[in-house]
Amino acid sequence: MPAEPAGDALPGGLRRVARVVLLDPRDRILLLHGHEPDDPADDWWFTPGGGLEGDETREQAALRELAEETGITEVDLGPVLWRRRCSFPFAGRRWDQDEWYYLARTARTATAPTALTELERRSVDGARWWTWTELARAHETVYPTRLAGLLRTLLDDGPPARPVTLDTEIVR
């Protein structure tokens, strides 16, 4: 893949984001539970990850964000599974992101955030390991919205030969 510019934004204002599809030995996926800072009823589940800082690579950002948000550092970081562009309102502004989802595996299942930002402290209230079945049956909002199907394909077929570009997701 060609080198990307340093920093967290691409031309056009897209925020560069690295996310982690973290699986445990039982093939459960770790999701974080978040909500609007001033409205806990407006909530959703999402994969750990966040924006790049300085000149770090996406791989470095994925590992840093995972450690900060979950305390988990003992991981085998694998390939990029999926790429997605998304746009959503959060905390009074619109976020436009170019997200890369990395596969990672860990034997550790205990989580404890170590370095949440002030905004994350106000909007992230936990983590949970989900089986594919639980995720497929969930009535909660999960991002990306097709995560259950994507996870099933990953578990059945293994990682794709090259990253799959997911549909752009725009939340109003």
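1. A residue is called buried when its relative accessible area is under 20%. Trp130 has a relative accessibility of 1%, so Trp130 counts as buried. Please keep in mind that this is a predicted model.

2. The structure holds 4 aromatic pairs. In one of them, the ring centres of Trp45 and Trp130 are 5.1 Å apart and the planes meet at 80 degrees, so this pair is edge-to-face. Trp45 belongs to strand β3 (residues 39-46) and Trp130 to strand β7 (residues 124-130), so the pair ties together parts 85 residues apart in sequence. Trp45 is buried too, at 10% relative accessibility.

3. Have a look at Trp82 and Tyr101 as well: this aromatic pair is tilted, with 5.7 Å from centre to centre and 55 degrees between the planes. Trp82 is buried at 4%, and Tyr101 is buried at 1%.

4. Ring pairs also join Trp44, Phe90 and Trp95 into a cluster.

5. Two arginines sit over tryptophan rings: Arg128 lies over the face of Trp130, 3.8 Å from the ring centre, and the charged end of Arg58 is over Trp100, 4.1 Å from the centre of that ring.

6. Finally, Glu169, in strand β10 (residues 169-170), is buried, with a relative accessible area of 12%. Its side chain makes polar contacts with the side chains of Arg84, at 2.7 Å, and Thr145, at 3.4 Å. Glu169 also touches other residues, including Cys86, Tyr143 and Pro144.

Notes
Residues are numbered from 1 along each chain as its sequence is written. This is a predicted model: local features need pLDDT of at least 70, side-chain atom pairs count only at pLDDT 80 or more; totals for chains, interfaces and linings use all residues. Side-chain values use heavy atoms; hydrogens and water are left out. Helices (H or I, at least four residues) and strands (E, at least two) are DSSP runs, numbered from the N terminus. Buried means under 20% relative accessible area, exposed over 50%, partly exposed in between (1.4 Å probe, protein chains only). Contact means heavy atoms within 4.5 Å. A polar contact is a pair of N or O atoms within 3.5 Å; within protein, one must be able to donate a hydrogen and the other to accept it, and residues adjacent in sequence count only if both atoms are side-chain atoms. Rings of Phe, Tyr and Trp (its six-membered ring) pair if their centres lie within 6.5 Å; planes under 30 degrees apart count as stacked, over 60 as edge-to-face and the rest as tilted. A charge sits over a ring if NZ of Lys or CZ of Arg is within 6 Å of the ring centre and within 35 degrees of the ring normal. Lists of a residue's contacts leave out its neighbours within four places in sequence.
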